[in-house]
Amino acid sequence: MTALPLGDATSAEADGTELLLVPLGAVEQHGPHLPLGTDGLIAQAACGGVAATLREQGRCVAVAPVVELGASGEHEGFAGTVSIGHEALRHVLVELVRSATRWCPRVVLVSGHGGNVPALSAACRLLREESRDVAWTTCAEPGWDAHAGLAETSIVLALAPDLVRVGRAEPGNTEPVQVLWPRLRSAGVAAVAPNGVLGDPTGATAEHGQELLTVLVERIVRQVRSGAVGDAGVLLRPDGAGTEATP
């Protein structure tokens with residue numbers, strides 16, 4: 001296959017693909033400074049990096065177009081958020097993987113939005129019961145702030161600096177996300193962070209973003225190579241742990 005993006009390839013060029021990476025995003029608020037499509041942008045970049053690394057090692061890997069809409073109900077207190085919900089997303093993922101595995105033996109779903117995890121888990125559980133080789137992971141790393149903070153802002157500065165409204169970046173709720181989960185799940189992000197930020201984006205740089213993206217790509221490459229799968233199809237991390245999920 002001569003082109004990494006599946007949409008740019010011909011059918012003949014896609015023939016023989018052994019792994020299809022599918023980036024999943026969301027259209028949801030990311031504070032006053034980041035674009036609504038942040039999650040898809042990061043997931044697409046991560047998949048591109050993983051594919052490039054694996055192809056250098058002789059693997060035939062393709063990257064599907066981003067699944068832009070996700071399950072973002074917790075962000076619906078903010079204008080611009082568009083969510084299709086967990087059940088609709090689950091159906092999309094099931095049919096997408098069923099179709100892809102007719103010509104590609106292995107599919108890995110890579111989500112830039114932690115809110116997609118329930119749909120990912122449900123879809124992959126069903127698909128693996130059908131003996132399809134599918135697994136999933138997220139773009140979150142331990143220690144990164146949860147949403148629209150330093151990590152995401154730095155990565156978007158590295159990928160698409162023109163999309164970051166740097167002068168509008170401001171701290172949000174910086175409490176650990178584990179502390180915020182109960183109220184966040186019941187009342188949404190706006191109830192715990194009126195500006196939509198879970199973390200502190202001030203001080204973000206493109207250089208730091210590139211470092212974080214490199215860490216992310218290298219971790220997913222190791223997961224893909226290992227192929228170790230946990231509950232509901234989650235790709236296990238090199239230390240045997242599951243994956244991080246953020247709002």
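What is the volume of the second largest pocket? It is about 300 Å³.

First, the ground rules. This is a predicted model, where local features need pLDDT of at least 70, side-chain atom pairs count only at pLDDT 80 or more, and totals for chains, interfaces and linings use all residues. Residues are numbered from 1 along each chain as its sequence is written, and side-chain values use heavy atoms, with hydrogens and water left out.

Now the pockets. Rolling a probe the size of a water molecule over the atoms shows where empty space is left. The search here runs on a 1 Å grid over the protein atoms alone. A pocket is an open set of points where a 1.4 Å probe fits, with protein on both sides within 12 Å along at least five of seven lines. Lining residues have an atom within 4 Å of a point. Points are joined across faces, edges and corners, and a volume is the space filled by probe spheres set on the points.

The largest pocket holds about 410 Å³. It is lined by 29 residues, and the closest to its centre are Glu-141, Trp-144, Asp-145, Ala-146 and Thr-246. Helix 5 (150–159) and helix 6 (177–187) each supply at least two lining residues. A word on naming: helices (H or I, at least four residues) and strands (E, at least two) are DSSP runs, numbered from the N terminus. Helix 6 gives the most to this lining, with 4 residues. By class, the lining has 13 nonpolar, 11 polar and 5 charged residues. Nonpolar here means Ala, Val, Leu, Ile, Met, Phe, Trp, Tyr, Cys and Pro; charged means Asp, Glu, Lys and Arg; the others, Gly among them, are polar.

Back to the second largest pocket, at about 300 Å³. Its lining has 13 residues, and Glu-74, Gly-115, Pro-118, Trp-181 and Arg-185 are the closest to its centre. Helix 4 (117–129) and helix 6 each supply at least two of the lining residues. Helix 6 again gives the most, here with 3 residues.

Next, salt bridges. Side chains of opposite charge can pair when their charged atoms come close. The rule asks for a side-chain nitrogen of Lys or Arg within 4 Å of a carboxyl oxygen of Asp or Glu. By that rule, the count is 7.

Take Arg-98 and Glu-130. Their closest N and O atoms are 2.5 Å apart. The pair links distant parts of the chain, 32 residues apart: Arg-98 is in helix 3, and Glu-130 is in the loop between helix 4 and strand 4 (133–138). How accessible are they? Buried means under 20% relative accessible area, exposed over 50%, and partly exposed in between, with a 1.4 Å probe and protein chains only. Arg-98 is partly exposed, at 21%. Glu-130 is partly exposed too, at 29%.

Glu-130 has another partner. Arg-132 forms a salt bridge with Glu-130, at 2.8 Å between the closest N and O atoms. Arg-132 counts as partly exposed because its relative accessibility is 25%.

Now Arg-219 and Glu-141. They meet in a salt bridge at 2.5 Å, N to O. Arg-219 is in helix 8 (residues 206–226), and Glu-141 is in the loop between strand 4 and helix 5, 78 residues apart. Both are buried. Elsewhere, bridges that share partners join Glu-95, Arg-98, Glu-130 and Arg-132 into one network.

On to the backbone. Most residues other than glycine have a negative phi. Ser-131 has a positive one, near 65°. Ser-131 lies in the loop between helix 4 and strand 4. At 68% relative accessibility, Ser-131 is exposed. Ala-148 also has a positive phi, near 65°. Ala-148 sits in the loop between strand 4 and helix 5. Is Ala-148 buried or exposed? Buried, because its relative accessible area is 0%.

Last stop, Ser-72. Ser-72 lies in the loop between strand 2 (61–63) and helix 3. Ser-72 counts as buried, at 0% relative accessibility. Ser-72 and Gly-85 are 13 residues apart along the chain, and their C-alpha atoms are separated by 6.8 Å.
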